[in-house]
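Let's walk through this fold together, going from a single side chain out to the sheet and its helices. Keep the model open as you read.

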Amino acid sequence: KFLWLGEIHKEALAILKYGIFGNGGFLVFVGDVGTGKTTLLNGLIESLDENTAVATIHDPRLEKLDFYNFLANTFKLDKKFSNKGDFLVHFIHFLHRAYAENKKVLLIIDEAQRLTNEMLEDLRLLSNIEKRGERLLNIVLFGQNELNEILAEKNNRALLQKITVRYSIGPLKDNEVWDYIKFRLSIAGTTKNIFNSGAIREIISFSKCNPRMINNICDHALLAGYFNGINKI
């Protein structure tokens with residue numbers, strides 16, 4: 001309910017949905033810490049209906065077999081695997097069944113910069129699974145800016161060629177900060193202009209319009225105002 005999308009985030013969400021429902025295959029979204037990647041991810045998941053099977057991995061730094069078993073559990077395959085081959089047999093059957101039922105299958109990996117090159121190659125191979133020329137699995141990688149550098153490495157050149165969408169998520173624009181703060185205050189329970197224009201200018205300057213920084217600054221300011229009995233920051 002606190003989700004507020006600035007211009008960049010609205011565009012990112014629209015591109016994300018277009019890529020998924022257009023069977024884009026591999027999509028990559030990168031951004032600095034605190035720019036709202038995970039919030040955007042959660043907004044996407046909330047917008048999907050029962051015709052999309054979604055698995056979200058928030059910490060992909062797993063051993064390969066652990067990764068596959070986590071994936072199987074999230075997609076409700078109801079089986080624990082002791083080897084990759086056994087997993088692939090069941091997973092391909094799951095994808096074909098979803099295709100027959102006209103369902104999308106989506107794998108979302110957050111903090112994707114933590115993936116090893118070996119795991120990235122395995123994901124590329126999973127994305128190759130097709131039926132009648134149609135991809136059966138869409139994969140979205142959300143990561144910090146260094147993910148771009150990892151994907152540019154020589155070992156990952158085959159994967160890089162499969163990426164159909166790459167999008168960089170930046171901070172809010174200066175003129176969006178006040179609307180963002182007002183929105184969050186309204187969800188919290190007030191429509192009062194608690195922050196004056198000077199405070200907003202300071203927040204913009206110090207936070208560089210990074211949403212997480214804006215949240216932290218405003219939270220501390222409100223707490224300080226409460227302790228000092230001040231109704232206007």
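Is N156 buried or exposed? N156 is buried, at a relative accessible area of 2% (buried means under 20%, exposed over 50% and partly exposed in between, with a 1.4 Å probe and protein chains only). Before going on, note that this is a predicted model, in which local features need pLDDT of at least 70 and side-chain atom pairs count only at pLDDT 80 or more, while totals for chains, interfaces and linings use all residues. Residues are numbered from 1 along each chain as its sequence is written, and side-chain values use heavy atoms, with hydrogens and water left out.

You will find N156 in the loop between α6 (146-151) and α7 (157-162); helices here are DSSP runs of H or I with at least four residues, strands are runs of E with at least two, and both are numbered from the N terminus. Its side chain reaches the backbone oxygen of I150 at 2.7 Å. Setting aside neighbours within four places in sequence, N156 is in contact (heavy atoms within 4.5 Å) with N117, L120, I150 and L151.

Now turn to the sheet. Five strands make up an open, parallel sheet, ordered β2-β3-β6-β1-β7, where two strands pair if DSSP finds at least two bridges between them. β2 (52-57) and β7 (163-169) are the edge strands, each with a single partner, so one side of each has no neighbour in the sheet. From one strand to the next, the twist averages 15°. Within the sheet, β3 (residues 104-109) and β6 (residues 138-143) pair in the parallel sense over four bridges, and I108 stands opposite V140 in β6.

Helix α3 (residues 64-74) packs on the sheet, touching β2 and β3, and its direction makes about 145° with that of β2. Helix α1 (residues 7-21) lies across β1 (26-31), β2, β3, β6 and β7, running at about 165° to β7. These angles run from 0 to 180 degrees between N-to-C directions, with axes fitted to C-alpha atoms, for helices over the stretch in contact.

Finally, look at a helix pair. The axes of α8 (residues 177-188) and α9 (residues 197-207) come within 10 Å and cross at roughly 110°. The two helices are therefore roughly perpendicular, a term covering 65 to 115 degrees. V177, W178 and I181 in α8 meet I200, I203 and I204 in α9. The residues of this contact divide into six nonpolar, no polar and no charged.

Key:
Angles under 35 degrees count as roughly parallel, over 145 as roughly antiparallel, 65 to 115 as roughly perpendicular and the rest as oblique. Ala, Val, Leu, Ile, Met, Phe, Trp, Tyr, Cys and Pro count as nonpolar, Asp, Glu, Lys and Arg as charged, and the others, Gly among them, as polar. A polar contact is a pair of N or O atoms within 3.5 Å; within protein, one must be able to donate a hydrogen and the other to accept it, and residues adjacent in sequence count only if both atoms are side-chain atoms.
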